[in-house]
Amino acid sequence: MKLDGFGNVFGVIRRNPGVIFPAFLGVAVALIFDVISFEYSGMVKTLNFSWIPFSFEIFKWSVAFTLSGLTALLMKKNTKESQEFFSKNFLDVFVFSVFMAFFVVVGLDLYVVPGLLILFFMIYIPSEMILKQDTNSLKRFKGNLSFILEDAHVIHTLVALLLIIVFILIPYIGEYIAIFFYILWIPNIYISGKRESEEEEIEW
């Protein structure tokens, strides 16, 4: 079993340095919202605005999920047509990412496992939306499941989720590391898996 989606991401970056930009952007957005949350933490506690940190957490991961789709675009098919599709459908992808982030964050806050399960069943949908140029959530959900259940992709996905959780547990900088590698790894695992499947079909 090869885990190409993890190790070969550095080769992808060497060939196309631009793919790393969304990961840095995701970390920057998370850092900005954490600074804002820290600066106004006293006021939040005083006014009992506990929903503000929760909302920030959803927004941070919504941005990460959306940027994973942009990374997939930069890695796979950065053509004028695909760029136009992303520009026109950015809001649709982001709205879905907010929906996805809400349930993931709620699940993680409750018992961790529900959040991981929700993420597992939606993890590749932003990449699917961009690369298939189709924002139909139901179709992309089916495509996500189909991909995960092919070959060893379920193992790749579980390893990615485990590593993301391990990163999040690192004090102070863990979440930033998790966001950075999520934005790079997830689309690369998807693209590498699709490429392997296509090569196997050709050989067959």
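**First stop: E128**

Select E128: this residue is buried, with a relative accessible area of 1% (buried means under 20% relative accessible area, exposed over 50%, partly exposed in between, with a 1.4 Å probe and protein chains only). Before going on, know that this is a predicted model, where local features need pLDDT of at least 70, side-chain atom pairs count only at pLDDT 80 or more, and totals for chains, interfaces and linings use all residues. Residues are numbered from 1 along each chain as its sequence is written, and side-chain values use heavy atoms, with hydrogens and water left out.

Now show what E128 touches: leaving aside residues up to four places away in sequence, you'll find Q133, R140, G143, N144, Y190 and K194. Contact here means heavy atoms within 4.5 Å.

**Next: the helix around it**

Helices (H or I, at least four residues) and strands (E, at least two) are DSSP runs, numbered from the N terminus. How many of the eight residues of α8 are buried? Seven are, so α8 is mostly covered. Colour them in: I125, P126, S127, E128, M129, I130 and L131. Then step just past α8 to Q133, which takes a positive phi of about 50 degrees.

**Last: zoom out**

Show the whole protein as a cartoon, and look for 11 helices and zero strands. Of its 204 residues, 46% are buried. Among contacts between residues at least 6 apart in sequence, 76% join residues at least 24 apart.
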